[in-house]
Amino acid sequence: MTHKGRIFSAVALTTLTLGLTACNDGEDAASAQDSPSASAPASSDPGSKSPSADPSDDAAAPAGDDVAAPGTKFKIGDRAVLPFKYGTNKKGTVAVTVTAIEKGAEADMAPFGDKAKGMTPYYIRMKVENVGGTDLSYASLRLRGKLAGGGPTGVILVGDLPGKCDSETAPRDFTTKGASYETCSLSATKTDPITVASFEEGDAYSDSPVLWTS
């Protein structure tokens, strides 16, 4: 299924509402209060019908894989074990290794339209491993980009840039311990560079994210 991407700016004063088209016929129109939005194409996603990821703190990791506590800080290249819940029936433990935070070019944001002018994209590349061995096929995990020190970028993106930063879902065989795949989370900023990747899904981690820094 093909999604359309959107941009939400935390500093905007107006509200725009855009409906989703193509394969998203029948879904409610997407809107953001006090935030403008723009559309962009994204890559085909075999698991896109699944609900958003929502990690849960009570998903225990197997012995020998200590779950990273909320607020833990890692370096790029470090492996962090995290509780993970996707939708209502998929729960387990994953290990996330952020392999790079790459700066793109402003021109890369052209698919998002005029709302993206002046924005520089950053590509958070990661490896995701199934640690618990539970069925997490077609699940999707996203990290957010942050400024140095963990400050917000002021921009929220929904979507990806095919060929540059593809947000992949877990493959069908992501059901056993040791299974892994690679994916990318797209972030953007109009101000300072993005140097931090943030895992902030679930109540505990939304208040105190796990961070990777260069």
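In what order do the 4 strands of the open sheet lie? The order is 6-7-8-11, with antiparallel pairing; strands here are DSSP runs of E with at least two residues, helices are runs of H or I with at least four, and both are numbered from the N terminus. Two strands count as paired if DSSP finds at least two bridges between them. Strand 6 (79-86) and strand 11 (180-189) form the edges, each pairing on one side only. Strand 8 (residues 120-130) and strand 11 pair over 10 bridges in the antiparallel sense, and Met 126 has Thr 183 in strand 11 as its bridge partner.

A word on conventions: this is a predicted model, in which local features need pLDDT of at least 70 and side-chain atom pairs pLDDT 80 or more, while totals for chains, interfaces and linings use all residues. Residues are numbered from 1 along each chain as its sequence is written, and side-chain values use heavy atoms, leaving out hydrogens and water.

The structure holds 7 salt bridges (a side-chain nitrogen of Lys or Arg within 4 Å of a carboxyl oxygen of Asp or Glu). One of them joins Arg 79 and Glu 129 at 3.2 Å, N to O. Arg 79 belongs to strand 6 and Glu 129 to strand 8, so this pair ties together parts 50 residues apart in sequence. Lys 90 forms a salt bridge with Asp 135, with 3.4 Å between the closest N and O atoms. Lys 90 counts as buried at 15% relative accessibility, whereas Asp 135, at 41%, is partly exposed (buried is under 20% relative accessible area, exposed over 50%, partly exposed in between, with a 1.4 Å probe and protein chains only).
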